[in-house]
Amino acid sequence: ATNPIFVLIISALFLGERLTGFEPLGFLLLLGAGILSSIKFESRKAKFRPALWIVLSSLLWAPLDVIFGWLIPQFPSITALLAWQFFGTLIASLIFFVVPSLRARTRLRDFRWPRKAWYIFAFGMVTVFVSYFTFLNALSLERVSLTMVVTAIQPLLVFLLELLFSRFSDLIPRPDIRLKSLLPKGFAFIVFVTGVWLLHLG
């Protein structure tokens, strides 16, 4: 939920993006919806997740999102950009096989997963590759800052998918569906829809 803030600042500085009309209010509502989706109630205290490490991760990812927004017009197609991105990932992954300390932690024989877990992992990797393609297409259609703020609702989508997949596999923990946990997420959905509507008004 914090990533869009960093993207908004960086895209304004380096891409000259600006929010106009109802867009600032829509941006804030979408950001608020993402924060509401991340709240987990425990022992009568509202704990916000992600915490420090996730905020740091968002800060480090934000420049990359802005760079992608700048790169897309420089490439002949989204497919070309995606191909070079995956090629760079392949080169970077070789570090884990070259550095001895990292290689010792990535040995296949150390994985003691059941077969079902491997299927889930494979399915997850396929969705990652597809999501990269859809993400770059979204960036090509709209400003980086507005595209990224819509992704703030991801915690709500994660909750719904956990609820669905946990019915089919005991490897995926069932999320908390008590009323006090569902209320913030229901309200977050309403705020999200309102924010999208305001962005549509411009």
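Trainee: Which residues make the nonpolar surface patch of about 1,000 Å²?

Mentor: In this predicted model, the patch is made by Trp84, Phe87, Leu90, Ile91, Leu94, Ile95, Phe96, Phe97, Val98 and Val99. Helices α4 (78–93) and α5 (95–98) each supply at least two of the patch residues.

Trainee: Take Phe96 as an example. Where is its place, and how does its accessibility count?

Mentor: Phe96 sits in helix α5. Buried means under 20% relative accessible area and exposed means over 50%, so Phe96, at 41%, counts as partly exposed.

Trainee: Now to the inside. What should I expect there?

Mentor: In soluble globular proteins, nonpolar side chains tend to be buried together. Here the largest nonpolar core has 14 residues, and those with the most contacts inside it are Val7, Phe68, Ile72, Leu81, Leu136, Leu139 and Val144. Two or more core residues come from each of α1, α3 (52–71), α4, α7 (115–141) and α8 (144–150). Helix α3 gives the largest share, 4 residues.

Trainee: Let's look at α1, then. Which of its residues are buried, and why are they on the same side of the helix?

Mentor: The general idea comes first: an α-helix has 3.6 residues a turn, so residues three or four places apart point the same way. In α1, the buried residues are Asn3, Pro4, Val7, Ile10 and Ser11. They cover an arc of only 130 degrees around the axis, so they lie on the same side of α1.

Trainee: How many residues does α1 have, and what follows the helix?

Mentor: Helix α1 (residues 3–14) has 12 residues and spans 16 Å from its first C-alpha to its last, close to the 16 Å expected at 1.5 Å a residue. After α1 comes Gly16, with a positive phi near 70 degrees.

Note on methods
Residues are numbered from 1 along each chain as its sequence is written. This is a predicted model: local features need pLDDT of at least 70, side-chain atom pairs count only at pLDDT 80 or more; totals for chains, interfaces and linings use all residues. Side-chain values use heavy atoms; hydrogens and water are left out. The expected span of a helix is 1.5 Å times one less than its number of residues. Buried means under 20% relative accessible area, exposed over 50%, partly exposed in between (1.4 Å probe, protein chains only). The arc is that of the directions from the helix axis to the C-beta atoms. Patches are made of residues with over 30% relative accessible area and no salt bridge: like charges are joined within 9 Å, nonpolar side chains (Val, Leu, Ile, Met, Phe, Trp, Tyr) within 5 Å. Accessible areas come from the Shrake-Rupley method with a 1.4 Å probe; for residues, only the protein chains shown count as cover. A salt bridge is a side-chain nitrogen of Lys or Arg within 4 Å of a carboxyl oxygen of Asp or Glu. A nonpolar core is a set of buried Ala, Val, Leu, Ile, Met, Phe, Trp, Tyr and Cys residues joined through side-chain atoms within 4.5 Å.
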